[in-house]
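User: I have a chain open here and want to go through it piece by piece. Can you take my questions as they come?

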Amino acid sequence: MKVRFGEFRLDTDSRQLFRDGAEVRLQRRTFDLLELLVRTRPKALSKKQIRDELWPDTAVGDASLTVAVAELRASLGDDASEPRFVRTVYGFGYAFAAEVAEVGASAPAAPAAGVAPRVL
């Protein structure tokens with residue numbers, strides 16, 4: 001999956017996140033959390049659903065998820081009190097809040113600089 005949101009471009013195949021063309025390095029779980037939230041948007045996921053996805057077959061508490069969300073927000077420059085990307089669903093879990101645009105073959109190619117588009 002290759003998508004854009006805000007100033008970011010996410011490529012889940014190469015497991016890379018870019019901000020304005022510069023790579024943003026994420027811990028493995030932080031990347032997994034971002035990928036999960038973007039993939040399931042706009043659905044809100046419960047804390048249990050997220051823990052089960054990120055830590056399968058491992059018993060972890062809310063603190064592990066809280067740390068992962070804090071790391072993700074810090075990497076995105078997001079603010080929990082005024083979220084642009086990661087929305088807290090109080091008493092439940094989290095959701096991805098930003099508009100997302102697919103990147104790839106479906107996007108029309110821009111004409112080369114100085115070349116007028118051909119009109120039929």
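This is a predicted model: local features need pLDDT of at least 70, side-chain atom pairs count only at pLDDT 80 or more; totals for chains, interfaces and linings use all residues.

User: Which strands form the open sheet, and in what order?

Analyst: Three strands form it, in the order β5-β7-β6, with antiparallel pairing. The edge strands are β5 (45–46) and β6, each pairing on one side only. Strands here are DSSP runs of E with at least two residues, helices are runs of H or I with at least four, and both are numbered from the N terminus. Two strands pair if DSSP finds at least two bridges between them.

User: How many bridges join β6 to β7?

Analyst: Four bridges join β6 to β7. Val-86 has Phe-96 in β7 as its bridge partner, and Arg-87 stands opposite Ala-95. On the other pairing, two bridges join β5 to β7.

User: Are the faces of β7 covered or open?

Analyst: Both faces are covered: Gly-93 and Ala-95 on one side, Tyr-94 and Phe-96 on the other, are all buried. Buried means under 20% relative accessible area, exposed over 50%, and partly exposed in between, with a 1.4 Å probe and protein chains only. In a regular strand the side chains alternate between the two faces of the sheet.

User: What about the turn in the hairpin of β6 and β7?

Analyst: That hairpin has three residues between the strands, and Gly-91 takes a positive phi near 75°. Phe-92 lies in the loop between β6 (86–89) and β7 (93–96).

User: Is Phe-92 buried, partly exposed or exposed?

Analyst: Phe-92 is partly exposed, with a relative accessible area of 38%.

User: And what does Phe-92 touch?

Analyst: Leaving out residues up to four places away in sequence, Phe-92 touches Ala-44, Leu-45, Ser-46, Lys-47 and Gln-49. Contact means heavy atoms within 4.5 Å. Phe-92 and Ser-46 are 46 residues apart in sequence, but their C-alpha atoms are 5.2 Å apart in space.

User: Switching to helices. Where does α3 lie?

Analyst: Helix α3 (residues 62–76) lies across β6 and β7, running at about 145° to β6. Axes are lines fitted to C-alpha atoms, for helices over the stretch in contact, and angles run from 0 to 180 degrees between N-to-C directions.

User: At what angle do α1 and α3 pack?

Analyst: Helix α1 (residues 28–39) packs with α3 at an angle of about 80°, with the axes 9 Å apart. That makes α1 roughly perpendicular to α3; angles of 65 to 115 degrees count as roughly perpendicular, under 35 as roughly parallel, over 145 as roughly antiparallel and the rest as oblique.

User: Which residues meet there?

Analyst: From α1, Thr-30, Leu-33, Leu-34 and Leu-37; from α3, Ala-68, Val-69, Glu-71, Leu-72 and Leu-76.

User: Last one: how many helices and strands does the chain have?

Analyst: The chain has three helices and eight strands, in the pattern β-β-β-β-α-β-α-α-β-β-β along the sequence. Of its 120 residues, 37% count as buried.

Technical notes: Residues are numbered from 1 along each chain as its sequence is written. Side-chain values use heavy atoms; hydrogens and water are left out.
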